[in-house]
Amino acid sequence: MNIGACVVRLRLPENDSLKGKRQVSKSIIERVKNRYNVSIAEVADQDLWQLLTLGITCVSTSAQHANEVLSKVVDFIQQSKFDVEMLDYEIEIIHAL
């Protein structure tokens, strides 16, 4: 079993409130969940209205497949029309069992 974990840091340059941040984060989370069948949640920076940190995980029998899925999620977020700027991301594959 392989667990893929990814942290994505985004900047929301046009955002001016926590309510606006929630709208953007909910939209991203729902679209990613529906398209890629991964677990995704806001994991840090909850009180900062121009920063959004997302944690994304998937489980697979293949480390390569887990890496591919998470890379596709990162590309999807980067190329989407969410009005966000990707600051950084990190993918880690954990081998278990």
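**Entry 1: aromatic rings**

I searched the whole structure for aromatic pairs and found one. For this search, rings of Phe, Tyr and Trp (its six-membered ring) pair if their centres lie within 6.5 Å; planes under 30 degrees apart count as stacked, over 60 as edge-to-face and the rest as tilted. The pair consists of tyrosine 36 and phenylalanine 76, and it is edge-to-face, with 5.8 Å from centre to centre and 70° between the planes. I noted that the pair links distant parts of the chain, since tyrosine 36 belongs to helix α1 (residues 18–36) and phenylalanine 76 to helix α2 (residues 63–79), 40 residues apart. Helices (H or I, at least four residues) and strands (E, at least two) are DSSP runs, numbered from the N terminus. Are the two residues buried or exposed? Both tyrosine 36 and phenylalanine 76 are buried; buried means under 20% relative accessible area, exposed over 50%, and partly exposed in between (1.4 Å probe, protein chains only).

**Entry 2: basis of the values**

I record that this is a predicted model, in which local features need pLDDT of at least 70 and side-chain atom pairs count only at pLDDT 80 or more, while totals for chains, interfaces and linings use all residues. Residues are numbered from 1 along each chain as its sequence is written, and side-chain values use heavy atoms, with hydrogens and water left out.

**Entry 3: the chain as a whole**

I looked up the secondary structure and found two helices and four strands in the protein chain. Along the sequence they follow the pattern β-α-β-β-α-β. The radius of gyration is 13 Å, close to the 13 Å that the globule rule gives for 97 residues, so the protein chain is as compact as a globular protein of that length. This radius is taken over C-alpha atoms, and the rule is 2.2 Å times the number of residues to the power 0.38. The C-alpha atoms fill a box of roughly 45 × 20 × 20 Å along the principal axes. Of the 97 residues, 36% are buried.

I then turned to contacts, meaning heavy atoms within 4.5 Å. Among those between residues at least 6 apart in sequence, 73% join residues at least 24 apart.

**Entry 4: strand β4**

Isoleucine 94 counts as partly exposed, at 37% relative accessibility. Which residues does isoleucine 94 contact, leaving aside neighbours within four places in sequence? I found Met1, Asn2 and Ile3. From isoleucine 94 to asparagine 2 the C-alpha atoms are 5.7 Å apart, although 92 residues separate the two in sequence.

Glutamate 92 also lies in strand β4 and is partly exposed, with a relative accessible area of 44%. Its contacts, with neighbours within four places set aside, are Ile3, Gly4 and Ala5. Glutamate 92 and asparagine 67 are 25 residues apart in sequence and 8.0 Å apart in space, C-alpha to C-alpha.

I located serine 25 in helix α1. Serine 25 counts as buried, at 5% relative accessibility. Not counting residues up to four places away in sequence, serine 25 touches Glu42 and Leu52.

Where does asparagine 37 lie? I found asparagine 37 in the loop between α1 and β2 (39–44). Asparagine 37 is exposed, with a relative accessible area of 71%. I also noted its positive phi of about 55°, although asparagine 37 is not a glycine.
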